[in-house]
Amino acid sequence: MATLGRRLFSICRKTWKKGASLRRLPQQNAVQLLCRNASAWTFVPDLPPEALGETTKMNLFQSLTDAMDIALSTDETAVIFGEDVAFGGVFRCTVGLADKYGKDRVFNTPLCEQGIVGFGIGMASVGATAIAEIQFADYIFPAFDQIINEAAKFRYRCGNIFDVGGLTVRAPWGAVGHGALYHSQSPEAFFSHIPGIKVVIPRSPIQAKGLLLSCIRDKNPCIFFEPKVLYRAAVEQVPVGDYMIPLEEAEILVEGSDVTLLAWGTQIHVMLEVAQLAQEKLGVSCEVIDLRTIVPWDEETVCKSVKKTGRLLVAHEAPITGGFAGEVTATVQAECFLHLEAPIQRVCGYDTPFPHIFEPFYLPDKWRCLEAIKKMINY
Amino acid sequence: MHALSCWRSLGTCARTQATSALRRLSIIRPACQAGGDDRPCPVYVSCCVAEPVQHNCYKTKMASLRPTTYRRILKLLRNFNRNPTPSSFHRSLSLSHNVCQEFPEVGEDKPLFPGASSTYTEQLRFLGRDVYEPIPVYRVMNKMGKIIEPSQDPGLDQAVVEKMYKNMTTLNAMDKIMYESQRQGRISFYMTAYGEEGTHVGSAAALDDRDIIYGQYREGGVLLWRGFPMEKMMNQCYGNKDDTGKGRQMPVHYGSKEHGFMAISSPLATQMPHAAGAAFALKRAGLDICTVCYFGDGAASEGDAHAALNFAATLDAPCIFFCRNNGYAISTPTSEQYRGDGIACRGPAYGITSIRVDGNDVFAVYNATKAARQIAVTESKPVLIEAMTYRIGHHSTSDDSSAYRSVDEVKYWDREGHPIGRLYNYMLSKNWWDVDRDKAWLAEVKKEIMQNFQAAEKLKKPSPRYMLTDVFDKSSKRLTRQAEEVKRHVEQYKEHYPIDKFEDL
């Protein structure tokens with residue numbers, strides 16, 4: 001794993017220098033996650049760029065708390081609200097913030113998602129920074145109207161005299177092992193069809209902190225999905241300072257020459273294992289890309305990679321029909337038609353609701369992905 | 001339970017408790033419940049002046065905010081051309097605190113359920129509409145424009161009343177011309193405000209010009225009161241190059257930063273939680289202003305209305321919810337909209353101070369809004385006003401209301417209950433107005449409207465490139481490519497597109 005390559009972070013605020021490199025830790029530091037037969041995978045921590053200075057060990061929920069702590073301390077208009085956030089949140093993401101910043105800055109709302117997002121839009125409409133939490137991404141749909149018809153269109157419809165750029169909606173996202181229908185969903189594709197909002201999904205604590213701070217400070221309404229299976233399980237050395245990771249930029253985690261593997265969130269860790277398996281079992285060199293921002297997505301990085309490798313595998317937990325892989329596939333075949341050596345493969349959830357006991361068979365695990373690579377290589 | 005059962009005793013409460021000159025103005029508010037109050041159970045009392053805030057867990061002053069916030073808030077208000085009043089104003093920031101429950105002495109038998117503060121009863125009694133009388137409609141003058149109870153006369157001077165009248169008649173005249181122009185196919189859509197002019201002007205006049213408005217779509221009079229130029233309204237309806245909205249929204253979807261009027265959007269009631277959120281932000285900034293949210297009786301059925309009222313109450317948002325109950329939501333009469341006592345009765349159920357007024361009585365609307373604003377700003381609490389009125393015009397230019405209601409009904413309100421007629425009578429009785437002045441004024445305003453209308457019609461539409469801007473603060477790469485694509489395509493196929501009506505690409 002140490003040879004998995006060097007990756008570039010292009011930014012940032014105060015300390016994150018352009019071109020700072022990341023190294024992967026040796027595999028013995030990896031954390032084995034989810035012992036669920038075929039869908040088991042391993043979290044391998046990143047090493048933060050030295051330029052970011054001091055670090056401390058954090059899991060994903062702690063790095064999110066840290067990001068929000070920084071956001072509240074650097075912007076007095078910023079507030080955090082949602083269901084049960086005041087005592088620390090059901091996933092512990094806001095622990096201690098109410099005590100530190102006061103109950104008018106970190107507070108519970110009534111149990112009503114459309115109200116939470118609508119309230120946040122109102123705060124942002126007069127220039128405040130609103131960080132709203134939806135308890136599970138599965139429950140964001142009551143706020144769909146507020147997000148689609150209001151937040152996303154606020155700036156456009158008035159000719160840019162008003163905007164709600166200060167709004168960020170956070171929501172726990174993705175499979176968790178036993179979440180069944182309403183604690184497992186990955187609804188990013190629904191939101192990818194809405195011009196005017198940004199959708200961002202991190203893969204690790206370092207990424208989560210930098211990307212969340214970017215979302216909070218971005219001048220557009222953002223939806224930030226947090227892979228909840230990583231909240232406690234993913235642990236790495238996270239820089240304690242204030243840094244941001246740019247939105248709309250994919251990241252090449254592993255360089256390769258035969259196949260491009262594209263994913264985001266938890267699935268990235270599956271892809272990293274797939275890359276290793278493909279190398280060991282098939283002698284195939286894979287390039288692994290973390291998309292990070294779903295919309296507006298980084299077409300350039302993906303297309304450039306596919307032009308090099310000639311093959312693309314996109315994998316996500318959400319159902320395949322209408323999933324975001326479809327958008328990526330269509331774009332890549334239009335942009336890279338002459339470079340493609342095999343049909344683009346999509347390995348995704350099936351077109352069913354997310355099941356309880358069948359989760360190991362449902363997820364796009366490493367074996368399903370490996371099979372897709374075999375198909376492409378032998379095409 | 002008490003919220004409902006106490007309406008009956010309202011009259012007595014009002015007589016005994018209210019002392020100010022506005023005492024007949026029966027704003028219904030939930031009595032203070034938490035700690036220290038010696039009343040045995042929550043009773044809704046009626047009064048109209050702000051009581052001192054009794055239970056604040058958390059207070060702040062403008063001065064205690066960090067300089068960065070202060071700067072940001074100042075910037076925010078500059079955006080609205082509003083001057084903040086930092087001075088010594090402070091505002092309660094109480095919210096979401098746990099009320100400590102007091103456990104009684106041994107032997108005392110009283111319900112300790114955390115969900116409600118109440119007493120036990122051994123009577124099996126359900127509560128329905130029959131346990132309380134409908135909330136009365138507050139009025140100041142009768143149909144003939146005569147002040148019924150002198151103590152309720154707001155005592156506005158001639159200039160203000162004249163401005164009210166002129167605003168209402170201007171809106172009315174503009175509606176007529178714009179409605180006709182839609183009929184002739186010159187604009188695509190229009191919505192008149194016939195019969196509801198009094199609710200706009202009466203409320204707008206009672207507000208501070210710095211208060212921020214979240215409207216539904218039938219609130220053009222509020223903008224006129226605040227000095228929004230007629231020219232800009234026309235530009236918006238035509239979507240021409242001078243429209244600040246860049247021609248993107250349907251007609252009557254006005255918005256103006258300098259007039260503190262958030263851009264209208266079509267989805268109903270979505271603005272309601274916005275108003276609550278914005279009010280909360282303004283409260284945090286320590287500003288002595290509130291937000292005002294207009295909505296119709298139909299919109300009040302949306303889930304967002306429920307969300308907004310509940311959020312505003314639990315988070316103590318200084319927001320005035322102003323419902324225009326005009327009897328119809330397109331074709332749906334209120335009997336198919338709700339079965340309770342209109343909208344106002346819902347307020348106390350959320351713990352919101354509420355009142356019902358005669359929406360065709362501009363002074364009643366003015367008094368109620370003025371008192372509501374006082375409560376919102378000094379106590380950081382929401383207030384609900386239900387203005388009873390009648391939608392005299394069709395719902396919109398896409399609707400023929402004779403398909404679902406009688407002509408006689410419409411005629412009654414047009415002749416007997418019109419807010420403009422009522423104010424006209426009042427002005428006549430004061431000798432502030434006469435038939436000749438009225439004729440001259442109407443001719444003058446009509447001329448002005450026609451001039452603006454023709455000017456707006458002549459202007460070109462904005463450049464099609466504005467179709468692809470402002471989606472985000474900065475254009476994404478994909479949007480930039482799409483903008484280039486539009487340009488290339490339209491130039492190549494220009495004979496198939498109406499490019500002569502638009503500014504250059």
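The model is a predicted one, in which local features need pLDDT of at least 70, side-chain atom pairs count only at pLDDT 80 or more, and totals for chains, interfaces and linings use all residues. Residues are numbered from 1 along each chain as its sequence is written, chains are lettered from A and ligands numbered from 1 in the order in which they are written, and side-chain values use heavy atoms, with hydrogens and water left out.

In chain B, an unreviewed UniProt entry places "domain: Dehydrogenase E1 component" on residues 165-464; UniProt positions follow the numbering used here, feature names are shortened, and annotations may be inferred rather than shown by experiment. That stretch is 46% helix and 11% strand, and its end C-alpha atoms sit 40 Å apart. Helices (H or I, at least four residues) and strands (E, at least two) are DSSP runs, numbered from the N terminus.

B:Thr291 belongs to strand 6 (residues 291-296) of chain B. With a relative accessible area of 0%, B:Thr291 is buried (buried means under 20% relative accessible area, exposed over 50%, partly exposed in between, with a 1.4 Å probe and protein chains only). A polar atom of its side chain lies 2.9 Å from the backbone oxygen of B:Ala275. Leaving out residues up to four places away in sequence, B:Thr291 touches, among others, B:Ile212, B:Tyr214 and B:Cys319, where contact means heavy atoms within 4.5 Å.

B:Gly195 turns up in the loop between helix 4 (158-183) and helix 5 (197-206) of chain B, and is buried at 1% relative accessible area. B:Pro419 is 224 residues away from B:Gly195 in sequence, yet their C-alpha atoms are 6.4 Å apart.

Next come the nonpolar cores, sets of buried Ala, Val, Leu, Ile, Met, Phe, Trp, Tyr and Cys residues joined through side-chain atoms within 4.5 Å. The largest has 93 residues, and A:Phe225, B:Phe295 and B:Phe321 touch the most other members. Helix 8 (residues 271-284) of chain B gives the most to this core, with eight residues. Apart from it lies another core, of 72 residues, including B:Leu224 and B:Phe322.

Note on methods. Polar contact = N/O pair within 3.5 Å; in protein donor to acceptor, adjacent residues only side chain to side chain.
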